[in-house]
Amino acid sequence: MPNFVGQGMKAARSTLPANASITVKDAVQRRRVLQESNWKVCTQDPKAGAALTGQPLTFPVAKTEESCPLAG
């Protein structure tokens, strides 16, 4: 799994296999992510370096002009 943290969500999705099961969720508020080009990746699961073996991928994101919440 590449490291997508800090990158645009649209670019991250285009790098992944077309059949990947991807969940994108707002890490700041409870907004719907409608246009992925306006969002950046805050964290990812699985982490960078993990083997992609068909597992679901989760990307908490923030609007590009927002700061990502601190991981806690």
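Colleague: How far apart are the mean positions of the positive and negative charges of the chain?

Modeller: The model is predicted: local features need pLDDT of at least 70, side-chain atom pairs count only at pLDDT 80 or more, and totals for chains, interfaces and linings use all residues. Residues are numbered from 1 along each chain as its sequence is written, and side-chain values use heavy atoms, leaving out hydrogens and water. Lys and Arg count as positive and Asp and Glu as negative, without His and the chain ends; a charge is placed at NZ of Lys, CZ of Arg, CG of Asp or CD of Glu. For the 9 positive and 5 negative charges, the mean positions are separated by 3 Å.

Colleague: Which residues does a cis peptide bond join?

Modeller: The loop between strand 2 (39–41) and strand 3 (57–63) contains P46. With omega at about 10 degrees, the cis bond joins D45 and P46.

Colleague: What radius of gyration does the chain have?

Modeller: The C-alpha trace spans about 30 × 25 × 20 Å along its principal axes. The radius is taken over C-alpha atoms, and the globule rule is 2.2 Å times the number of residues to the power 0.38. For 72 residues a compact globule would come near 11 Å, so the chain agrees with its value of 11 Å.

How values were computed. Helix = DSSP H or I, 4+ residues; strand = E, 2+ residues; numbered from the N terminus.
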